[in-house]
Amino acid sequence: MYFKTVYFPPNLNHSQVKTALRKASMKETMSLDFKSKSVNIGTDKIFWGLERKRNLKFTRISTSFEFVLPKLIINLSKNPSVNFYKIRPGALSIAVAGLLFFGLFTGILGVIKGRPDLESLMLFPALILIYIALILFELRLTTSRVVKALNQI
């Protein structure tokens, strides 16, 4: 469920991007979707990295203060002809979004059936807007960290 495709800068090729992101990441052995460990001490690493057969996955290392931000996962194909990486939300982020939209859906059904629950009709759209703002903020943070890693080449 990738929602954003980012093409490499014109001056960089696939191997340079792959090397830069690997250099800026700490190796992880478990799925990044369920990675919840945060780092509060200074480190020169920016990402958690996971190597698979066909791709590399990265997620931004966060601090304990950033626990409310949804997790985004970067997928970089190992195919050297690919000149982009894709970004998707983590499994928990998808589950939270699903619950918010389910709450909105049930509120709309209540209105259709004639039992309007004004609190849920106002609460869920507000929560969805806040969640979208958090995703956009995390996307901006993640993108800036990728740029930082690519500038260190």
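Predicted model: local features only at pLDDT ≥ 70, side-chain atom pairs only at ≥ 80, totals over all residues.
**Stop 1: the largest pocket**

Begin by selecting K35, F67, L69, P70 and K71, the residues nearest the centre of the largest pocket. The lining has 27 residues in total, and the volume of this pocket is about 480 Å³.

Next, colour β4 (55–60), α2 (91–112) and α3 (118–151); each of these supplies at least two residues of the lining. The biggest contribution is that of α2, with four residues. By residue type, the lining of the largest pocket holds 12 nonpolar, eight polar and seven charged residues.

**Stop 2: the second largest pocket**

To find its centre, select M1, P89, A97, Y131 and I135, which are the closest to it among the 13 lining residues. Keep the two helices α2 and α3 coloured, as these are the elements that give two or more residues to this lining. Here too α2 gives the most, with five residues.

**Stop 3: helix α1**

Select residues 14–23, which form helix α1, then highlight H14, V17, A20 and L21, the buried residues of this helix. Turn the view to look down the axis of α1: the buried residues fall within an arc of 135°, so they line one face of the helix. In general, an α-helix has 3.6 residues a turn, so residues three or four places apart point the same way.

Now show what lies over these buried residues. The cover includes the strands β2 (25–27), β3 (47–51), β4 and β5 (72–77), together with α3.

**Stop 4: an aromatic pair**

How many aromatic pairs does a search of the whole structure find? The search finds three. One of them is formed by Y7 and F84. Select both side chains: the arrangement is edge-to-face, with 5.6 Å centre to centre and 65° between the planes.

Y7 is in strand β1 (residues 4–7) and F84 is in strand β6 (residues 84–89). The two residues are 77 residues apart, and the pair links distant parts of the chain.

Y7 is exposed, at a relative accessible area of 54%, whereas F84 is partly exposed, at 24%.

Terms used: Residues numbered from 1 in each chain as written. Heavy atoms only, no water. 1 Å grid on protein atoms, 1.4 Å probe; cavity = no way out; pocket = protein on both sides within 12 Å on 5 of 7 lines; lining within 4 Å. Points joined across faces, edges and corners; volume = space filled by probe spheres on them. Nonpolar A, V, L, I, M, F, W, Y, C, P; charged D, E, K, R; others polar. Buried < 20%, exposed > 50% of the residue type's maximum accessible area, 1.4 Å probe, protein only. Arc of directions from axis to C-beta. Contact = heavy atoms within 4.5 Å. Phe/Tyr/Trp six-rings, centres within 6.5 Å; stacked < 30°, edge-to-face > 60°.
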